[in-house]
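What follows is a short briefing for a reader who is meeting this structure for the first time. Please look through the sequence and the model, and then follow the points below topic by topic.

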Amino acid sequence: MTAKTQFKFSSYESAKWLLLAIPLLYVVLTMGYPLVDIILKSFRGKDGFTFDFYLKAFTDPLYISVLISTVKIALIVTLVCLVLAYPMAYLSVSAKSRKVRTLITAGVLIPYWVSMLVRIFAWQIILQNNGIVNQALMFIGFVKEPAKLLYTDLAVTISLVHILIPFMFLSLQNSMKQIDPNLLLASNIMGGTKFYGFIHVFLPLSKAGMLSGSIMVFVLSLGFYIAPALLGGPDNMMLSNLIEISMNNFNWGLASALSVELLVLVYLIIAVAFKFTGNIFIKDI
């Protein structure tokens, strides 16, 4: 190798590492440093190092109940998104007409392009006492007076499902597109009905999309702030709202401890999911 060739090679290597260093530095400054600072603040009291903030987060009945409520709402949202998105994704993949497939996909994605804040305010109008839902319920005689729909866990759940269902849909759709249709044809040739082929062939093969979509929706639901703040009210808070209240009260230590608690919860969920389902994702890839 000549000196000129060595110089070109070394210049190429330097440029490659420089291109890698720029985004790495950006990630460290915008994510790494703030995360380390939050962790340090969670152990920093007036008199120095302390575990008091974590003890309060894990022993105070208020914080425990909010944590349980957050996990419960996230689980319900994930389950509802899966139940609603699966048939839509299946139809978008199995429909013979391209127009039908496009229409289904557009119907799911177009609302996602509308501002999240606008959609949440829309649910405030729909679910209020004189909103269209209560008017319809009273018109058919289901209730005699307006039902309390706004500022409840139900309102938060409906809004989160509306916001997060595209993530589940796209994950399922991508997984279903990778299933070879000849497998269903083979099942039919061997005497299996369409229902049998769906239950024993298609459904198991779409498991990777179900799992990845569920993890994505569940994790996003855990840390959601705007919907619980506008539709949940003070009696229906999630952990993110509790963190915001602690920050407004300048209790940075407690807010940091709750943030670390939420972060650890998310990482534990992801770690457990990949521990028991890692082979499914690898096979799907």
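F169 is found in helix 7, where helices are DSSP runs of H or I with at least four residues, numbered from the N terminus. With a relative accessibility of 0%, F169 counts as buried; here buried means under 20% relative accessible area, exposed means over 50%, and partly exposed lies in between, with a 1.4 Å probe and protein chains only. F169 and L84 stand 85 residues apart in sequence, while their C-alpha atoms are 8.7 Å apart in space.

This is a predicted model, in which local features need pLDDT of at least 70 and side-chain atom pairs count only at pLDDT 80 or more, whereas totals for chains, interfaces and linings use all residues. Residues are numbered from 1 along each chain as its sequence is written, and side-chain values use heavy atoms, with hydrogens and water left out.

**Other buried residues**

- I73 belongs to helix 3 and is buried, because its relative accessibility is 1%; in sequence I73 and F218 are 145 residues apart, yet from C-alpha to C-alpha the distance in space is 9.1 Å.
- A57 sits in helix 2, which covers residues 52-59, and A57 is buried because its relative accessible area is 2%; between A57 and L67 there are ten residues in sequence and 9.3 Å in space, C-alpha to C-alpha.
- S246 has its place in helix 12 and counts as buried at 5% relative accessibility.
- A polar atom of the S246 side chain lies 3.0 Å from the backbone oxygen of L242, which can be read against the rule for a polar contact: a pair of N or O atoms within 3.5 Å, where within protein one must be able to donate a hydrogen and the other to accept it, and where residues adjacent in sequence count only if both atoms are side-chain atoms.

**Helix 3**

- The 34 residues of helix 3 should span 50 Å at 1.5 Å a residue, and the C-alpha atoms at its ends are 49 Å apart, which agrees; the expected span is 1.5 Å times one less than the number of residues.
- At the N-terminal end, helix 3 is capped by D60, with a side-chain oxygen 2.9 Å from the backbone nitrogen of L62.
- Further along helix 3 there is a kink of about 30 degrees at A85, shortly before the proline P87; the bend at a residue is the angle between axes fitted to the seven residues ending there and the seven starting there.

**Salt bridges**

- How many salt bridges does the rule give? The count comes to two, where a salt bridge is a side-chain nitrogen of Lys or Arg within 4 Å of a carboxyl oxygen of Asp or Glu.
- One of them joins the side chains of D153 and K72 at 3.7 Å, N to O, and this pair links distant parts of the chain, since D153 is in helix 7 (residues 153-177) and K72 is in helix 3 (residues 61-94), 81 residues apart.
- K72 is partly exposed because its relative accessible area is 42%.
- Another salt bridge brings together the side chains of K41 and D37 at 3.4 Å, N to O; both residues lie in helix 1 (residues 3-42), four residues apart, about one turn of the helix.
- In general, an α-helix has 3.6 residues a turn, so residues three or four places apart point the same way.
- K41 is partly exposed at 29% relative accessibility, and D37 is partly exposed as well, with a relative accessible area of 22%.

**Loop residues with positive phi**

- Y151, in the loop between helix 6 (132-139) and helix 7, has a positive phi of about 60 degrees although it is not a glycine; at 40% relative accessibility Y151 counts as partly exposed.

**A nonpolar surface patch**

- L117, F121, Y225 and I226 make up a nonpolar patch on the surface, and together they have about 320 Å² of accessible area.
- Patches are made of residues with over 30% relative accessible area and no salt bridge, with like charges joined within 9 Å and nonpolar side chains (Val, Leu, Ile, Met, Phe, Trp, Tyr) within 5 Å; accessible areas come from the Shrake-Rupley method with a 1.4 Å probe, and for residues only the protein chains shown count as cover.

Methods: Helix = DSSP H or I, 4+ residues; strand = E, 2+ residues; numbered from the N terminus.
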